[in-house]
Amino acid sequence: MCFKISLIGVSGEGLSAQSQALLEKAEKIICAKGLLSRFKLPDMKKVLTYQKLEEALFLLKEAQKEGYPVAFLASGDPLFFGIGRLLLKHFGPEVIEIFPALSSVQLAASRFKIPWDDFFFVSLHGASRKKRSFLLEEIPGLLRVYGKVGVFTDPVNTPSRLAAYLKDRVLKEDLTVFVAERLGFPEEKLYQGTAAEFAAKEFAHPNLVFLVYSRPKEAFFGLSDREIAHPEGLLTKEEVRAVVVHKLRLPEQGVFWDVGAGAGGISCEVAALKPLLRVFSVEKEKARFELLCQNRKHLGLLNLEPVKGFAPQVLFDLPSPERVFIGGSGGKLLEILELCCQRTRGRIVATFTLLENFSLALDFFKSRGMLKEVIELQVSRSKALSAGQFLKALNPVFVVVAEPC
């Protein structure tokens, strides 16, 4: 005999004849405790159970040392968000044979009668940064881009927690939630409803969630001033937004602060361009804040999170950002700059029209060795005259770019 792993998928349909034969040949059978209630094994004396993955790997390494074959039982298709990836990494494909069963996705889709080939599937297991593993807070951005998202939950990131997070961020009529609870078990249950209906409901583990959003929109860049509702004259102009976004060097994921967001010119551009970036737009004035919320809604920017309050106080409760834009300060510029420098892990970009504030920011960043560059933007736009076109200048804007040492 020699070490070999027969990785056998198990679904609600039970064990196939081939799987039964493989179990009989195996020296030992390794199985998660939660799977044992689904079927009867031919010889329970051969069964080794585990609760944590570390325990499963230990049992496999012991079998490898002693050189005997094992059967490893896993749920559904072990290579679809299953344990197959981990076992291939630790033991290599040479010693592993894989016998998949119907995946939980296939079973759930058949129960709900939903085609699933256009879903984007993610895992919230452990909220890690592995492939197709996302944070709960990034689900709104995925919905915005893909429209249909399948979510593998865990005991912490439950369907109710997911629904509670989404219910105030997505319009009730735009989102349908499907929950498949304990698929393949005798107590299997299926649910369909709104995020608000499921926000306080308890679901037994394991479960799978399908989210169907009716207004998906892909990432885009280049909003016109006319597309952003704003008070007359109070909007970061298109040309300035283009330069600011370029200088921010935005990451794909993480947190972005827009301090003094106004109606959300920069926030809307950033949220539209980077759906998985959580965009926190801070604004203190009621009228501008209402316009910011209006822009978020009509542009479908689910990853934009309006925050009403005065900076820097309101910033203390926000997650630390990868990037910061400062468009307004309400007389608290130095305090805001100080806090942003303490909290951010990346670039800070600020724009100024007043020379006094520009000078304050310049001295502040210089004193800390953070100043990267200064840009003066002088934009002119064409205007029609009876005889043709002329260029009308807009107010000059200073762009300050700073970076932690």
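In which strand is S6 found? Keep that in mind while you look at the whole chain; the tour then stops at two residues. The model on screen is predicted.

**Stop 1: the whole chain**

Show the chain as a cartoon. Its secondary structure comes to 12 helices and 19 strands. The radius of gyration is 27 Å, well over the 22 Å that the globule rule gives for 405 residues, so the chain is more spread out than a compact globule. Turn the view along the principal axes: the C-alpha trace spans about 90 × 45 × 40 Å.

The accessible surface of the chain comes to about 19,800 Å². Carbon and sulfur atoms account for 52% of that area. Of the 405 residues, 51% are buried.

Contacts can be sorted by how far apart the partners lie in sequence. Taking those between residues at least 6 apart, 68% join residues at least 24 apart.

**Stop 2: S6**

Select S6. This residue is found in strand β1, which covers residues 4–10. Is S6 buried or exposed? Its relative accessibility is 8%, and buried means under 20%, so S6 counts as buried.

Then show what surrounds S6. Leaving out residues up to four places away in sequence, S6 touches L22, V70, A71, F72, E97 and F99.

**Stop 3: R345**

Move on to R345, which is found in the loop between α11 (333–343) and β15 (348–352). Is R345 buried or exposed? The relative accessible area of R345 is 52%, and exposed means over 50%, so this residue counts as exposed.

Which residues does R345 touch, not counting those up to four places away in sequence? Select S320, P321, E322 and P404.

- E322: here the partner is a side chain, and the polar contact with the side chain of R345 is at 2.3 Å.

**Last stop: a distance across the chain**

Conventions:
Residues are numbered from 1 along each chain as its sequence is written. This is a predicted model: local features need pLDDT of at least 70, side-chain atom pairs count only at pLDDT 80 or more; totals for chains, interfaces and linings use all residues. Side-chain values use heavy atoms; hydrogens and water are left out. Helices (H or I, at least four residues) and strands (E, at least two) are DSSP runs, numbered from the N terminus. The radius of gyration is taken over C-alpha atoms; the globule rule is 2.2 Å times the number of residues to the power 0.38. Buried means under 20% relative accessible area, exposed over 50%, partly exposed in between (1.4 Å probe, protein chains only). Contact means heavy atoms within 4.5 Å. Accessible areas come from the Shrake-Rupley method with a 1.4 Å probe; for residues, only the protein chains shown count as cover. A polar contact is a pair of N or O atoms within 3.5 Å; within protein, one must be able to donate a hydrogen and the other to accept it, and residues adjacent in sequence count only if both atoms are side-chain atoms.
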